[in-house]
Number of protein chains: 2
Amino acid sequence: MIKIAVDAMGGDNAPLEIVKGSVKFVNEYKNAKLYLFGDETAVKNVLGTLNYNNEQIEVIHTTEIIENEEKPTIAIKEKKDSSLVQAIKMVKSGEASGVISAGSTGALLTGATVMLGRIKGVKRPTLVTMIPAAKGKKFLLADSGANVDSKPEYVAQFAVLASIYAEKMLGIKNPTVGLVNVGVEEEKGDTFTKEAFVALKQEKINFVGNVEAREIPLAAVDIVVCDGFVGNVVLKLYEGLGKMFKGELESSLRSRVSSKIGYLFARKSLNGLKDTLSTKDSGGAPLIGLKGLAVKAHGNSKEHAFYTGLKECYYFIEKDITKDFENYFAKGERNE
Amino acid sequence: MIKIAVDAMGGDNAPLEIVKGSVKFVNEYKNAKLYLFGDETAVKNVLGTLNYNNEQIEVIHTTEIIENEEKPTIAIKEKKDSSLVQAIKMVKSGEASGVISAGSTGALLTGATVMLGRIKGVKRPTLVTMIPAAKGKKFLLADSGANVDSKPEYVAQFAVLASIYAEKMLGIKNPTVGLVNVGVEEEKGDTFTKEAFVALKQEKINFVGNVEAREIPLAAVDIVVCDGFVGNVVLKLYEGLGKMFKGELESSLRSRVSSKIGYLFARKSLNGLKDTLSTKDSGGAPLIGLKGLAVKAHGNSKEHAFYTGLKECYYFIEKDITKDFENYFAKGERNE
C-alpha cells in the first residue's frame, strides 16, 4: 500500500479541487491510501458528493491553516495543528511515505526540511520542477527556489539528486546536466558559478558544461542546475513570459476583423499552443534529498493538476527513489 | 557637430549593414559626423554604392578585427589596430563623444571601461538594455550583463545611472525602480539582494521595492535592477523564450489545414506579434557611467537596427547625459 499525506487546505482552490483530485487519484490507484488533513466538515462535505472506496481515504481533522503570506519558519513553529504541519508529521512518523501540498511553498520547504531531515550526506534538499520546452520537450530545473545563498557544492549535489530522479522517475538514461551561466566557456561566469563548474565535474553525472539562458527553452540539456535564486528567476520569468505571450496573442487576434476570422479557423491549434506553454497541469515539484518525499503542487492546482501531483508521489514512492539517493550519498555509487 | 566613432567591422553583418545603417543615419542627421573604423577597401566598397554627404563620413583604416570568441582582456591588449580599439581610442582622445559596435560585447565593455575610465564616484559602469513588455510597454534592465560578482552598492549605482538615463533620454518622469528578487517582501532573497535592497533605499531614486521575475514582462516597473549575472539570465531567457514562442506558433499553425487557412487571415496580426517580441530592432544597449558613451548594438544588427543605435548615441550626446551623471556623483543631486 502506497500512503500519501495530503494537505487538503493548501492552495487557491482548497479544499474543493484538492479533494476532487484526491478522489480521482484513488479511483485509479487501488493500492494507494490518502490521508486528507484539514477541516473535517469542509473536506467531508466535498467527499460526500463523490464516489470512491472509503477505505482509501481517511480524513484527519486539523484546526489551523498556514497562509502564503506567513513567514514560514514562524508559521511552522506556531501552527502545530495546521493541515500542513500535521501532514508532514505523518511522513516523519513513517505512517505515510510522502506529503503533498498546494499551499505555501516556503512553509512546505521549511517544514519538510526541518521535520523530515536530510538524507545522510545531503547538504541541502533541492526543489525540482519540470518545465516545458520547444517541440514538446521538457527539462528539469534544480534548484528551482528552495535554496538561495547556495554554496557551489550544493549545486553539484542538486545535479546528482536531479540526475537520479530523472533516470529512475522519468526513464532518461544518463541525463545531461548543464549549469546556468553567462557564457558557454568554462572560464565564464561569476566566482560562484566557476566554483560550481569545478564541483560538478567531480560528480558521477553526465555534466556537459555551461548553458546560457537563451538555450534553456530549447531543452539543450535534460537537467538545468543553478542556485535557487537564479532558478527562481528562470521559473518565474518563464511563467511571466508565457502569460505575456498568451495575452499578446489574444489581443493581436482581436485587433482586426480578418484576424478574428483567422482565429476561428486556427482556434484549435492556438488553444493547443496556449496549453503547451502552460505549467498549470504539470503536477508537482518534488523536494528531494530528504528522508521522505515532499511535493509542492502549483498554488492554483485544480482537480487534474493535483491528481497528476499525486501520481508523481505514487511512482516516486513505489520506485523507492529515496533509497537510490541514500545509496549514492553513502557509497558514492549510482544504482543501475 | 555630434561625432561618433563606429566599429565598422563588428557584428554578423559587418561591414555591409553597419555601413548602410551609418549612411541612413547621416542622411537624416545633418549635424552628425561618423568615423568608420575598419578595412578601408571593404568599407569604401559599400560606401561607393550609396549616396551621402561625404563630409559626414570619414573612413579610418584598421588592420585587425576582434572576434567574438576572443578573450576580451587579451584581445584589447594585443589587437591595438583593431577597428574596435581604434574607435574607442577616438572617444578617449575627445575627437568623438561616443563609440558604437555590434561586435564582441565583452571586448567593447572591457575596452571602453579600461580606456575611457569611470566617471568620478561611479564604481562600475552598467549596461542598460531596453526590453519589450506586455501591451506595448517597455522597461530598462540594468545591469544586463556587464558586471558579474557585483557588490550591493554597485546595484544601487546601476539604479541611479539608469534612472537618470530613463528620465533624460526617454522622458520618463521619476522612473520606478524594482529589484529582481524571489519575493516581494523586504526580507526576501539571498544575502546579496537583501543588502542591495538597503543600498537602493538610500539613493535619490524612485525605488519601489522587490519585483519577482514573473512581473518583469508586465513592465511592473520602468527600471529592473540586478547583478549582471541575473540580468544576463533575464535578457537571454527573454530571447530564448521569444524564439521558442515564435517557433511553436509557426509549427502549430502549420499543423492543420484549418490553421493554415486561419493563418492567411490572421497573418498581419501574427507577424506583428512576432515583431513585438523581437529585440532585434531595439537599437543598442548603452554602457553608462564612463567618461564617454559606448553603445553595444545587437550582434545581428542590420541597417535599420544599427541606424537606431546611432540615433540613440546621437541623442545621448546631444543631451549631454554624461554631465548629468557627473553632477549626481559629484554632488549627490539629480538635475531637474
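## Burial and the model

A residue counts as buried when its relative accessible area is under 20%, as exposed when that area is over 50%, and as partly exposed in between, with a 1.4 Å probe and protein chains only. By that rule B:Ala219 is buried, at 12%.

The model is predicted, so to speak in its own terms: local features need pLDDT of at least 70 and side-chain atom pairs count only at pLDDT 80 or more, while totals for chains, interfaces and linings use all residues; side-chain values use heavy atoms, leaving out hydrogens and water. Residues are numbered from 1 along each chain as its sequence is written, with chains lettered from A and ligands numbered from 1 in the order in which they are written.

## Two copies

Chain B superposes on chain A by a rotation of 180 degrees with 0.0 Å of shift along the axis, at an RMSD of 0.0 Å (least squares on the C-alpha atoms of residues with pLDDT of at least 70 in both copies). The two copies are thus related as by a two-fold rotation axis. In chain B, the C-alpha nearest that axis belongs to B:Gly262, 1.8 Å from it. Both copies use the same surface, since 100% of the contact residues of chain B recur in chain A (contact means heavy atoms within 4.5 Å).

## The sheet of chain B

Here helices (H or I, at least four residues) and strands (E, at least two) are DSSP runs numbered from the N terminus, and two strands pair if DSSP finds at least two bridges between them. Seven strands of chain B form an open, mixed sheet in the order 3-2-1-4-12-11-5. Strand 3 (57-61) and strand 5 (126-127) of chain B stand at the edges with a single partner strand each, so one side of each has no neighbour in the sheet. Strand 4 (residues 98-101) and strand 12 (residues 293-297) of chain B run parallel and are joined by four bridges; within strand 12 of chain B, B:Lys296 is the bridge partner of B:Ser101.

Two helices of chain B pack on this sheet. Helix 1 (residues 16-28) of chain B touches strand 1 (2-7), strand 2 (32-38) and strand 3 of chain B, and its direction makes about 170 degrees with that of strand 2 of chain B. Helix 2 (residues 40-47) of chain B touches strand 2 and strand 3 of chain B, making about 155 degrees with the direction of strand 3 of chain B. (Axes are lines fitted to C-alpha atoms, for helices over the stretch in contact, and angles run from 0 to 180 degrees between N-to-C directions.)

## A covered helix in chain A

How much of helix 4 (residues 83-93) of chain A is buried? Eight of its eleven residues are, so the helix counts as mostly covered. Among the buried ones are A:Leu84, A:Ile88 and A:Val91. The buried residues of this helix pack against several elements of chain A, including strand 1, helix 3 (72-78) and helix 5 (105-116). After helix 4 of chain A comes A:Gly94, with a positive phi near 90 degrees.

Most residues other than glycine have a negative phi, and most peptide bonds are trans. B:Ala219, in the loop between strand 9 (206-212) and strand 10 (223-225) of chain B, has a positive phi of about 55 degrees although it is not a glycine. A:Asp320 likewise is not a glycine and has a positive phi, of about 50 degrees; at 37% relative accessibility it counts as partly exposed.

The peptide bond from A:Ala14 to A:Pro15 is cis, with omega near -5 degrees, and A:Pro15 is in the loop between strand 1 (2-7) and helix 1 (16-28) of chain A. Another cis bond joins B:Ala142 and B:Asp143, where omega is about 5 degrees.

## Charges

A salt bridge is a side-chain nitrogen of Lys or Arg within 4 Å of a carboxyl oxygen of Asp or Glu; over all chains, the count comes to 22. A:Glu303 and A:Lys20 form one at 4.0 Å, N to O, and it links helix 10 and helix 1 of chain A, 283 residues apart. B:Glu58 and B:Lys33 meet at 3.1 Å, N to O; B:Glu58 is in strand 3 and B:Lys33 in strand 2 of chain B, so parts 25 residues apart in sequence are tied together. Of this pair, B:Glu58 counts as partly exposed at 34% relative accessibility, and B:Lys33 as buried at 16%. A network of salt bridges links A:Glu212, A:Arg214, B:Lys236 and B:Glu239.

A:Asp190 is buried yet has no salt bridge, and the nearest side chain of opposite charge, A:Lys194, is 7.7 Å away (Lys and Arg count as positive, Asp and Glu as negative; His and the chain ends are not counted). Beyond residues up to four places away in sequence, A:Asp190 touches B:Val148, B:Asp149 and B:Phe229.
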